[in-house]
Amino acid sequence: MEIQTQLKQALQEIQEALLGVSTPNELADLKAKYLGKKGIVAEWMTAMKNLPNEEKPRFGQAVNEAKNQINDLLEAFRTQIEDRMVSDKLAKEALDVSLPGRVFPIGAKHLMNQVVEEVEDLFVGMGYTVKEGPEIEQDLYNFEMLNLPKSHPARDMQDTFYITEELLLRTHTSPVQIRTLLENGGKKPIKIICPGKVYRRDEDDMTHSHQFMQVEALVVDENVTLADLKGTLLMLARKMFGEDRQIRLRPSYFPFTEPSVEVDVSCYKCNGKGCPMCKNTGWIEILGAGMINNAVLDATGYDKTKYQGFALGVGVERLAILKYGIDDIRAFYTNDLRFNRQFK
Ligand SMILES: [Zn+2]
């Protein structure tokens with residue numbers, strides 16, 4: 001066959017073969033078939049040796065031209081394949097900026113922690129430090145050193161989960177006060193606030209829970225009086241319930257304080273006029289407090305002729321219930337997100 005025809009045919013074959021090529025590897029195979037060492041072009045060059053001398057130059061030139069054409073054709077196609085691969089990749093990774101964004105739910109602090117932090121903020125601002133202690137506590141720190149010896153009738157006020165005779169789940173955060181008094185060895189002044197969980201053997205219902213939170217404050221120093229306590233209570237009441245609040249102290253009894261007081265805040269719903277919230281009294285009971293009992297100072301090595309102090313303790317749930325109008329204490333612990341989300 002005339003060489004020109006063979007070359008033309010080969011080019012046509014390549015063009016048809018290229019239609020089925022989609023990857024660089026397939027293209028490389030095609031290139032080897034035509035331009036490789038044992039490829040079709042190499043065969044033509046071998047065939048040239050058997051031609052008469054006068055035909056060789058024309059034949060050689062034709063083969064060279066064909067070789068260049070094949071090469072150009074394959075290279076052009078390689079560029080096409082590479083372009084297509086890049087645009088496929090871009091299409092796959094495309095980012096549609098007009099789509100609405102994904103919403104990542106943002107958590108929030110539990111209402112209990114919010115209230116604790118609010119109280120902490122107030123006291124830290126007045127120079128107190130925050131102290132924490134263990135929830136499994138010794139009878140010694142939870143009761144005895146707080147002027148509540150074994151068999152003391154006031155222990156009945158705090159139904160207790162005992163682990164052994166001497167170990168229990170703390171019924172209040174007061175043992176943190178005892179620990180701090182002991183740490184300071186009867187010498188240094190103290191100004192602390194102790195928030196934390198406490199436990200009592202209560203039947204759970206709308207107003208009772210076997211687990212709840214307290215924040216207590218303790219101040220021990222020289223020349224501390226009931227007036228200091230009253231001023232501190234007024235600050236707390238106003239911080240939690242508004243700047244116009246008043247407080248009222250009523251005599252009470254706690255073994256660890258003497259004198260002891262119950263603290264009422266003027267009703268923030270009716271401003272003291274009387275409403276269902278305050279049972280028409282104009283006042284709402286919020287917490288207990290008092291001057292540190294001498295027996296506690298004695299037990300922890302503080303000289304009662306030199307040091308005095310006061311303590312106050314407030315239920316965190318009670319503050320939250322009053323402040324946010326919550327009607328069931330169990331809502332704090334059941335982890336119903338619909339409840340929690342109201343206080344974001
Ligand atoms: Zn009222």
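User: How many positive and negative side chains does the chain have, and how far apart do the centres of the two sets lie?
Analyst: In this predicted model, the chain carries 43 positive and 50 negative side chains, with the centres of the two sets 3 Å apart.

User: What radius of gyration does the chain have, against that of a compact globule of 344 residues?
Analyst: The chain has 44 Å, whereas a compact globule of 344 residues would have a value near 20 Å. Along the principal axes, the C-alpha atoms fill a box of roughly 135 × 50 × 40 Å.

User: What makes a residue count as buried, and what share of the chain does so?
Analyst: The cut-off is a relative accessible area under 20%. Of the 344 residues, 40% count as buried.

User: How do you know that the span of helix 5 is close to the expected one?
Analyst: The expected span is 1.5 Å times one less than the number of residues. Helix 5 (residues 111–125) has 15 residues and reaches 21 Å from its first C-alpha to its last, close to the expected 21 Å.

User: Which residues of helix 5 are buried, and what do the buried residues pack against?
Analyst: Among the buried residues are Leu111, Val115, Glu118, Glu120 and Phe123. The buried residues of helix 5 pack against elements including strand 4 (190–199), helix 8 (226–241) and helix 10 (316–324). Just after helix 5, Gly127 adopts a positive phi of about 95 degrees.

How values were computed. Residues numbered from 1 in each chain as written. Predicted model: local features only at pLDDT ≥ 70, side-chain atom pairs only at ≥ 80, totals over all residues. Heavy atoms only, no water. Rg over C-alpha atoms; globule rule 2.2 N^0.38 Å. Buried < 20%, exposed > 50% of the residue type's maximum accessible area, 1.4 Å probe, protein only. Lys, Arg positive; Asp, Glu negative; His and termini not counted. Charge placed at Lys NZ, Arg CZ, Asp CG, Glu CD. Helix = DSSP H or I, 4+ residues; strand = E, 2+ residues; numbered from the N terminus. Contact = heavy atoms within 4.5 Å.
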